[in-house]
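Dear colleague,

I am passing the structure on to you below, followed by my notes on what was found in it. Please read the notes with the coordinates open beside them.

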Amino acid sequence: MAFKVMGMTAGRKDSNSEILLKEALYTCQELGAEVTFVNLRDYSIEDCTGCTFCTQGMFMKGENVGCVLKEKDDKEKLMQALFDNDAFIFSAPTYDLQVSANFTRFMQRSLAYETAFLEKIGAIKTRHRVAGLIATGGSTRAWMSQTLENMQAAMFTCDFHVVDMQLATRIPAKAHVLTRPDHLERARKLGQNIMASLSKAPEDRGWEGDPDMGWCPHCHSNALVLGEPQWDGIHFKVECQVCGCGGDLEKGPDGRWKFVIDPEIGYCRDRTTAEGRGHHLEEIGATEGAFYRDPKNMELAEAKIGRYREMKFKTV
Ligand SMILES: Cc1cc2nc3c(=O)[nH]c(=O)nc-3n(C[C@H](O)[C@H](O)[C@H](O)COP(=O)(O)O)c2cc1C
């Protein structure tokens with residue numbers, strides 16, 4: 001049976017992100033995949049309300065209660081289509097150094113579709129899903145500093161394993177990318193890399209992109225932060241902002257600085273794995289869970305909230 005690859009873009013119609021995605025998808029199709037294409041601009045997607053109805057259903061009742069907005073927009077329809085695929089290619093423009101809000105709006109509604117949970121209760125088929133990411137922008141990395149990293153961060157909830165990423169720089173105008181054969185070629189390569197990954201057994205699938213991409217040797221993000229003590233005391237000197245792996249900067253024999261992940265404990269918070277994300281669930285249990293478990297916290301909040309409800313300001 002043919003592999004199924006779905007492409008989803010957040011870019012303008014007939015423009016850069018859409019064109020690069022189509023180039024990559026077409027390559028997948030040529031290599032035997034059954035492909036689907038979606039432009040988020042054709043669909044209505046509401047903002048996550050933050051109600052946590054979905055996660056309370058999962059963690060308190062062990063039930064798939066779904067999203068309260070399920071009937072109100074197209075998220076449910078698109079997620080059911082996504083789950084029927086083996087691979088995804090997401091493309092999106094950079095707005096203000098970051099990925100565009102319509103991409104984030106769609107992805108931040110995925111809490112109700114946490115694949116680890118849905119697979120565990122048998123609501124969806126267990127599948128190893130891979131992803132390729134394409135970010136477009138008018139500038140260079142300097143003004144696209146968070147776009148791919150934002151997109152990577154949006155992959156965790158549904159456990160999409162990123163195997164390649166493309167940063168398509170200096171294409172500000174509509175369909176500008178059509179003057180950039182290098183970007184088009186790279187998108188075709190991304191399509192090939194998706195198919196190469198799918199041809200391997202899930203346990204053998206890994207990074208197919210440029211081995212030297214980014215600071216992080218694990219997830220290939222280009223974003224590091226100075227570590228601070230975490231909720232349970234673990235403290236890395238330097239952390240990857242995306243996958244959470246920890247280590248330090250080291251100067252190599254060529255005089256260049258490298259991010260080296262601590263081989264003993266540096267992978268324990270790896271957010272690209274269900275196990276690593278499990279630590280965050282423990283953290284939520286120890287903070288949000290602890291808040292709700294002790295009724296005194298709710299009483300205190302209820303006693304104090306009145307002051308803020310009554311605090312009124314001139315508005316627009
Ligand atoms: C509101 C807005 C903000 C933008 N901010 C950035 C930016 O911070 N960095 C950048 O490189 N390009 C920026 N751009 C340019 C777009 O990323 C670029 O035109 C991209 O190719 C658009 O993709 P599309 O043609 O697929 O819609 C911005 C464009 C808009 C409309």
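For the classes used here, Ala, Val, Leu, Ile, Met, Phe, Trp, Tyr, Cys and Pro count as nonpolar, Asp, Glu, Lys and Arg as charged, and the others, Gly among them, as polar. By that scheme the residues of the shell around the ligand divide into seven nonpolar, nine polar and four charged.

Please bear in mind that this is a predicted model, in which local features need pLDDT of at least 70 and side-chain atom pairs count only at pLDDT 80 or more, whereas totals for chains, interfaces and linings use all residues. Residues are numbered from 1 along each chain as its sequence is written.

The ligand is surrounded by 20 residues, of which the closest are Gly11, Ser15, Ser17, Pro93 and Gly137; a residue is taken as near a molecule or strand if its C-beta atom, placed from the backbone, lies within 6 Å of it. At least two residues of this shell are supplied by each of α1 (16-30) and β3 (87-95), where helices (H or I, at least four residues) and strands (E, at least two) are DSSP runs, numbered from the N terminus.

The chain is assigned domain 1 (1-210) and domain 2 (214-316), with bounds that come from an automatic or database domain assignment. Between the C-alpha centres of domain 1 and domain 2 there are 23 Å. Where they meet, nine residues of domain 1 are in contact with 10 residues of domain 2, a contact being two residues whose C-beta atoms, placed from the backbone, lie within 7 Å. On the side of domain 1 that touches domain 2, the largest share, three residues, comes from helix α6 (residues 147-153), and by class that side has five nonpolar, two polar and two charged residues.

Burial is judged by counting: a residue is buried if 20 or more other C-beta atoms lie within 10 Å of its own, exposed if 12 or fewer, and partly exposed in between, with C-beta atoms placed from the backbone. In α7 (181-198), the buried residues are His183, Arg186, Ala187, Lys189, Leu190, Gly191, Asn193, Ile194, Met195, Ser197 and Leu198, and they pack against β1 (4-9), α1, β3, β5 (129-136) and β6. The expected span of a helix is 1.5 Å times one less than its number of residues; for the 18 residues of α7 this gives 26 Å, which agrees with the 26 Å between its end C-alpha atoms.

Helix α8 (residues 274-293) has a kink of about 30° centred on Gly285, and because the number buried among its 20 residues is zero, α8 lies largely in the open. In α9 a kink of about 35° is centred on Lys304; of its 16 residues the number buried is again zero, so α9 too lies largely in the open.

Arg170 counts as partly exposed because it has 15 C-beta neighbours inside 10 Å, and Ala175 is partly exposed with 13. Arg180 lies in that loop too, and is partly exposed with 17 other C-beta atoms within 10 Å.

Ser100, in the loop between β4 (98-99) and α4 (101-107), counts as buried because it has 21 C-beta neighbours inside 10 Å, and, not counting residues up to four places away in sequence, it touches Ala10, Ala92, Pro93 and Tyr95. Gly246, in strand β9 (residues 246-251), is buried with 23 other C-beta atoms within 10 Å. With the same exclusion of sequence neighbours, Gly246 touches Gly227, Phe236, Glu239, Ile261, Asp262, Gly266 and Arg269.

With best regards

Methods:
Bend = angle between axes of the 7 residues up to and from the residue.
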